[in-house]
Amino acid sequence: MNYRFLEEKIDDIRGLPQYADCGFDDETLIAFFRVLEDRRGWELVRINPLALAEKFDFRPDDAVSLFLLGAKVGLFAFEWSLLCPRCGCRERTYGSLRALDRDVFRCPLCDAEEAVAADDRLEVSFTMPPSASGEWPDQVVSLPEYWSYFFSTSVDWTGELLDDFARRSAGPQPPIRFVALPRGGKARIRLDAARAGAVGLVTLETHSAFFVRMKDDANRPPAAIDLEYRDSGFDRREAFAPLGPTEIALANRARRAVGCLIGSPDPDFLRSLVAAHPPSFRPFCSGKLLLNHQAYRDLFAPDDLPDDLSLKIDDLTILRADPEGRAGSPVRSRGGGDSPSARRLFDLLAAVARAHRGAIERRAGGSITATFNAPLDGIRAAVRMAAGLEESAAAGEDGGGIRIGLHRGPVVAVKAGRRLDFFGRAMNVVSRLLDLADPGEIRLSEDVMRDETVAAYLRASGYSGVAEEIALPGPANMVTVYSCRR
Ligand SMILES: [Zn+2]
């Protein structure tokens, strides 16, 4: 570990103008660096901030902010990985969101396509560069290392899945074997299949797969298969062999070493197995979480975002508010500039959004838009915003009478000029809810109210809701909304 580099980076972080806004003290920053100093090998590669937070007792939001501050000063590199929702395999990893430009991706293990979505298929992790960590683990050393490199550390395969997998793959060999070939290296891989089916060789470096399809055919002699691995992957996709001993002579003609998983059964079986016993994912920092994180917005967006960004988010909670004060609307700027009271109100709402895992953006005309990872975060922020402005009004300052609309739904994240924006019908719905809200009222869509935690939180906060049918523009447009007041 390069301790001098770490010392420099602590000072660089303290010097960032955004550091003071992150909401934790200097002791937390020092504690974070103490934890980093003791990490080794894979612990410094593709770090999941939420897992580190849980293990070392940081607040999850603080941990994400700490990694973002670290990334800003060059202590970490971002890694954006597309995860297969079935098996947890990392399909591709990008150094920047800029490189992520596809609508679908294909998992080589499941041999199936998945839509790209920022919610749960896009993991953002952080890697310390070798110049700082002083080491770089070699992924082709062993099966556990290879697994660490290519599977998300947040995926858990169930015991049933592993048992079924081992049963189906039962034979003289273990269910999954691993072979690594240096550049120019050769290996003889013996397969001994007792029943019909496919035996696969899968390399995750190039997401290339080769299958030997075993059939019961007494008339054919034992098979010997020559296979080459090149920079673009295996030189063919499949071969046929009779049941019994088969030998593959594999040669690595690529420019670098390659690792290879052997024995993964055919994708049809793997898909049915994973469907019966789906793996679970521990919390990780998703693309959606990051886009909703104020520190990411402050430190990286919009410069870090590609101009043609078009990233689907399946379920975003959107709050739109008009913090109209008693004396007119102080947030609306006169002559282009904000009045001090407008600035103060905006800062108050931004602090509330940040405290509830949300990010906030000001709109033309004085309204604000805040986005959240979950409806409960959105409703808690809405109630807190209303209370904060009431307290402000009671103290004789501007405030009180805030109007709020809250909705959840699918959106597409885009870059609009100099800011991150969200696009889709859900955005129109939340604007309509805000239009309908009177001062002091929170208007919720049924999609938000359906979440039991939201309804329970409203009741506990002394709010009651009245349902109403309203018409939205477009076809099939009658929706139920709730007018909520204390
Ligand atoms: Zn998969």
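Modeller: Ser142 lies in the loop that runs between helix 5 (130-133) and helix 6 (143-150); helices (H or I, at least four residues) and strands (E, at least two) are DSSP runs, numbered from the N terminus. The model is a predicted one, in which local features need pLDDT of at least 70 and side-chain atom pairs count only at pLDDT 80 or more, while totals for chains, interfaces and linings use all residues. Residue numbers start from 1 along each chain as its sequence is written.

Ser142 counts as partly exposed because 13 C-beta neighbours fall inside 10 Å. The scale behind that label places C-beta atoms from the backbone and calls a residue buried if 20 or more other C-beta atoms lie within 10 Å of its own, exposed if 12 or fewer, and partly exposed in between. Between the C-alpha atoms of Ser142 and Arg34, which are 108 residues apart along the chain, the separation is 29 Å.

Arg46 occupies the loop between helix 2 (26-37) and helix 3 (49-56), and it has a positive phi of about 50° although it is not a glycine. Arg46 has 20 C-beta neighbours inside 10 Å and therefore counts as buried. His207, in the loop between strand 9 (197-203) and strand 10 (208-215), is likewise a residue other than glycine with a positive phi, near 55°. With 18 other C-beta atoms within 10 Å, His207 is partly exposed.

The buried residues of helix 12 include Ile379, Val383, Met385 and Leu389. Gly396, with a positive phi near 90°, follows helix 12.

The sheets come next. Strands of a sheet pair through backbone hydrogen bonds, either parallel or antiparallel. Here two strands count as paired if DSSP finds at least two bridges between them. Strand 1 (residues 77-83) is joined to strand 5 by 6 bridges, and Glu79 stands opposite Ser125 in strand 5. Another open sheet, of 4 strands in the order 8-14-11-12, has mixed pairing. Strand 8 (186-193) and strand 12 (233-234) are at its edges with a single partner strand each, so one side of each lacks a neighbour in the sheet. Strand 8 pairs with strand 14 (residues 244-252) in the antiparallel sense over 8 bridges, and Leu191 has Thr246 as its bridge partner in strand 14.

At the level of the chain, an automatic or database assignment gives domain 1 (3-134), domain 2 (160-278) and domain 3 (307-485). The centres of domain 1 and domain 2, taken over C-alpha atoms, are 33 Å apart. Their contact takes 7 residues from domain 1 and 9 residues from domain 2, where two residues are in contact if their C-beta atoms, placed from the backbone, lie within 7 Å. The protein chain has 15 helices and 24 strands, and 39% of its 486 residues count as buried.
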